[in-house]
Structures are given as structure tokens and as C-alpha cells.
Amino acid sequence: MDHSGHGMTTDMPPFTLGRGLEFSPDLFFLIGCLTALGLYGWAVARLRRRGDAWPVSRTVFFVVGVLTVALVMCTKLNDYGMVMFSVHMVQHMVISMLSPILLLLGAPVTLALRALPVAGRGSLGPRELLLKLLHSRYMKVITHPAFTISMFIASLYALYFSPLFDFLMGSKAGHIGMMVHFLMVGLVFFWPIMGVDPGPHRPGYVMRMLELFAGMPFHAFFGIAMMMASEPLVKAYGNPPASLGIDALADQHAAGGIAWAFSEIPSVLVLIALVYQWYHSEQRQAVRKDRAADRDGDKELEAYNAYLASLRSR
């Protein structure tokens, strides 16, 4: 017996963590994860060969970020996620709210800009095309808070509370497209807030925190709505296989609880990253001011002292 035309047997044993973590790769995501790791490794090696340093912490963040994508898409979590709403919600939360943060802390765009060769005068190479994209009007639109927050919220309410979710779950291509969408929405939402890479929108740290908390309450409300529903909200999970031994409504309530609880995790991670970046930004600014003072003989301090002297003379 197949489910949703995916060719996946629905006669599955009850879910356990051990069964969920068994290797069961989705070819699209397996190739994508291996390609991302390969390109990142090539870029780091290129920098090292020419004597440039690249922080080990950034490499670790990126690798762990890719592995979190592989964890939910290349194991039987993906198989169980087709028939269990709660497992699907774990996939959604990880790939849209945890993986993007880790990938962004790996600064892949900065690495690419440093590793890619500069094209000859008058020609466009990969590096020049990347710079052109970063400064394009398209990038300014999709990284603007009005767009990122709206898309972040719509990816929950417009998807799960409409027939679109059941339509996408009806085919393998639709399911892959939905998961890619979750990942991309997470990346564009968190990039202007805490990304290390350069981007069109880079507001001050207080504004970044406000952007972060602007979307989180809607996420919590979504989870609460799932937990309080008195009937299954999506048809795809309305009749789980009997072999799983679960109740559809109870599984949906568990999915809502996961969505509600998971919204706290990225908030904490991003706040820690923001405070860390803010602190180091202040430190760098203080060092620059000290160097400027050394160069000009601390003219700013002299001017301030002269101002105080003029006040006393009055």
C-alpha cells in the first residue's frame, strides 16, 4: 500500500528514535548536502593554500548546519514524516529554524567572495556575478523585513491552513519543493538579523532584535492553534497507518507542541550570536578609535578639553 504516490510503504512499525535515525537518503538532499560540503571544503582549502586564514568555528557551524539538513531529510525521519504530523513538524522546525542559523554562521557568501578568483577587466566571472546578485534590487526586496517577516509567517498559516499543503504532499517533487522552501525562508529571515555575510539590509543590533521577536509570537500562536484544534487540520495526516498505533488528533497536538516549543530555540541561539557580534563590533570600533587617536595625537580629546576650558573662562 502506497502513500501519496511516493512509492513508500505505509505499513511501518511504531515510531522510535532509533528507527527514525536509520539511514534512508532522499537523493535530492543527499546530493545537495554532499555538494555543499564539497564546495565549502574546496573554498577553505583554496584560502589555506594561498596562506589566508579562515576561522575553524565558521567551518564547524557550516558543517553542522548541513548535517542537520541531512539528519531530517536523509534518515527515516523523512519516511515517518510522510505519515506522522509530529515527525514532519520536527523536520520543518529543524530545516527552517535551526539549519539556517548554523549555515549563516558559517559565512558561506563571505568565503565564496574570498575564494573565487577575480575575473579579468571587462569580464564577468562567478565572483562578479555573486557581487552583482548581492547588490541587486531583487536581493534588496527579499531581505527587507517587510518581506522576510511576512514570508516567515505565511509559510506557516498559508501553507497548513489551506489545501496547498495536501497538494504538495501528494507528490515527491512537491514534498521536496516544500522542504527547500522552508530552508530558503529560514535563510532569508535570519540573514539580515544575524548573518555574518554582507547583505543589502544590515540594520543596527537593536533593530535586528526587534525583527527577530516580530516573527516569533506568530510562530507560537501557530503551535497553540494546532494544539487546541478539535479535529485534524490537514488531510495528509488525517488517517495514519494502523501499524503506527497513533491517533491523528493526538499526533497533531504533538506537532503543535513541537512548533510552539521550538520557537524558543532559535530565539536564544540568535540572541547569543547577536550579543557576541555586538560586543566584538564595539571592541573593533574602540580599537579603531584608539588607532586614530594615536595617529592624530588625540585631537578629539584636545578639542574636548579646549571646550571645557572655554566654559570655565565664561
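**Notebook: contacts, rings and charges**

I started at alanine 43, which touches Leu111 and Ala115 once residues up to four places away in sequence are not counted; contact here means heavy atoms within 4.5 Å. This is a predicted model, where local features need pLDDT of at least 70 and side-chain atom pairs count only at pLDDT 80 or more, while totals for chains, interfaces and linings use all residues. Residues are numbered from 1 along each chain as its sequence is written, and side-chain values use heavy atoms, with hydrogens and water left out.

Back to alanine 43: I find this residue in helix α2 (residues 27-49). Helices are DSSP runs of H or I with at least four residues, strands are E runs of at least two, and both are numbered from the N terminus. Alanine 43 counts as buried at 5% relative accessibility. My cut-offs: buried is under 20% relative accessible area, exposed is over 50%, and partly exposed is in between, with a 1.4 Å probe and protein chains only. The C-alpha atoms of alanine 43 and alanine 115 are 5.4 Å apart, although 72 residues separate them along the chain.

Next, the core. I looked up the largest nonpolar core and got 79 residues, with Tyr160, Phe165 and Met194 having the most contacts inside it. Such a core is a set of buried Ala, Val, Leu, Ile, Met, Phe, Trp, Tyr and Cys residues joined through side-chain atoms within 4.5 Å. Beyond four places in sequence, tyrosine 160 touches residues including Phe85, His88, Met89, His92 and Phe165.

Then rings. I searched the whole structure and got 14 aromatic pairs. Rings of Phe, Tyr and Trp (its six-membered ring) pair if their centres lie within 6.5 Å; planes under 30 degrees apart are stacked, over 60 edge-to-face, and the rest tilted. Phenylalanine 15 and tyrosine 80 are edge-to-face because their ring centres are 5.1 Å apart and their planes at 80 degrees. Phenylalanine 15 sits in the segment before α1 (17-20) and tyrosine 80 in helix α4 (residues 76-80), so the pair ties together parts 65 residues apart in sequence. Tyrosine 80 is buried at 2%, while phenylalanine 15 is partly exposed at 31%. I also noted tyrosine 157 with phenylalanine 161, an edge-to-face pair at 5.8 Å centre to centre and 65 degrees between planes.

Last, charges. I count three salt bridges, each a side-chain nitrogen of Lys or Arg within 4 Å of a carboxyl oxygen of Asp or Glu. Glutamate 22 meets lysine 76 at 3.1 Å, N to O. Glutamate 22 is in the loop between α1 and α2 and lysine 76 in helix α4, so this bridge ties together parts 54 residues apart in sequence. Lysine 172 bridges to aspartate 26 at 3.2 Å. With lysine 172 in helix α11 (residues 172-194) and aspartate 26 in the loop between α1 and α2, the pair therefore links parts 146 residues apart in sequence. Aspartate 26 is buried at 3%, whereas lysine 172 is partly exposed at 46%. Aspartate 52 and arginine 50 meet at 2.6 Å, N to O.
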